[in-house]
Amino acid sequence: MSKHEMLGAPRGAKQRELACTINGEDMKLEVNGAKRLLSVLRDDLALTGTKRSCEIGRCGACMVLVDGKPINACLTMAYQCAGKQITTIEGIGAADGGIEPIQRAFLEEGGFQCGYCTPGMIISVKALLDRSPDPSEEEVEEALSGNICRCTGYGGIKRAVQRAIEWRREAP
Ligand code: FES
Ligand code: FES
């Protein structure tokens, strides 16, 4: 349990059933009413690609898709995800089982160094390109405004996004 849950969990919060889809799989989970989505993913389901960092919605390391929209799993109560489709970085991949073009672009363009922020960045970029395949520079900046990287100058990240846009444009 995170320190925020220890501090913020109401006494006697009840167990609730959570039915949702995670990475395409229908799930029925018993979760405490005070539990965050981030804890369910990482601690209960061992989906540790979603990173835990600030836990106050500032860094974007915990970004996942909920019904296709990027959200901070650290700020989302698990019970709020009932009936939703959740996609974590483990659920992102090419149709043939390989890596997604966005992931390949990050690898080839040096879009990461320690890589802690990378899953959240890829989730944010995927959400952007799924809704806007040819985004302006401002749209890219806006889409990544909730993702902090502490160890690159963002140059590699921006090149990776541009490369991913080109590959997606060229894809049949
Ligand atoms: S861990 Fe969720 S925004 Fe930082
Ligand atoms: S690569 Fe280290 S925080 Fe982004």
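## Confidence

The protein chain has an average pLDDT of 91, and 92% of its residues score at least 70. Over residues 2-8, however, pLDDT stays under 50, and the model has 11 contacts beyond four places in sequence for this stretch. Where pLDDT is low, the predicted coordinates should not be read in detail.

## Nonpolar cores

The largest nonpolar core has 25 residues, of which Ile102, Phe106, Met121, Leu129 and Leu144 touch the most other members. At least two residues of this core come from each of β3 (63-66), α3, α4 (118-131), α5 (137-143) and α6 (155-170), and α4 gives the most, with 7 residues. Leaving aside residues up to four places away in sequence, Phe106 touches Gly111, Phe112, Thr118, Met121, Ile122, Ile157 and Ala160.

A second, separate core holds 19 residues, including Cys20, Val31, Leu37 and Leu41.

## Helix α2

Helix α2 (residues 37-44) is largely enclosed by the rest of the structure, because 6 of its 8 residues are buried; these are Leu37, Leu38, Ser39, Val40, Leu41 and Arg42. Just after α2, Ala46 adopts a positive phi of about 55 degrees.

## The surroundings of Thr88

Thr88 lies in the loop between β5 (85-87) and α3 (101-108), and with a relative accessible area of 0% Thr88 is buried. The side chain of Thr88 makes a polar contact with that of Glu90, at 2.7 Å. When residues up to four places away in sequence are not counted, Thr88 touches Asn23, Leu41, Leu47, Thr50, Val64 and Ile123; one of these, Leu41, is also among the buried residues of α2.

Note on methods
Residues numbered from 1 in each chain as written. Chains lettered and ligands numbered in written order. Predicted model: local features only at pLDDT ≥ 70, side-chain atom pairs only at ≥ 80, totals over all residues. Heavy atoms only, no water. pLDDT = per-residue confidence, 0-100. Contact = heavy atoms within 4.5 Å. Helix = DSSP H or I, 4+ residues; strand = E, 2+ residues; numbered from the N terminus. Buried < 20%, exposed > 50% of the residue type's maximum accessible area, 1.4 Å probe, protein only. Polar contact = N/O pair within 3.5 Å; in protein donor to acceptor, adjacent residues only side chain to side chain. Core = buried A, V, L, I, M, F, W, Y, C linked by side-chain atoms within 4.5 Å.
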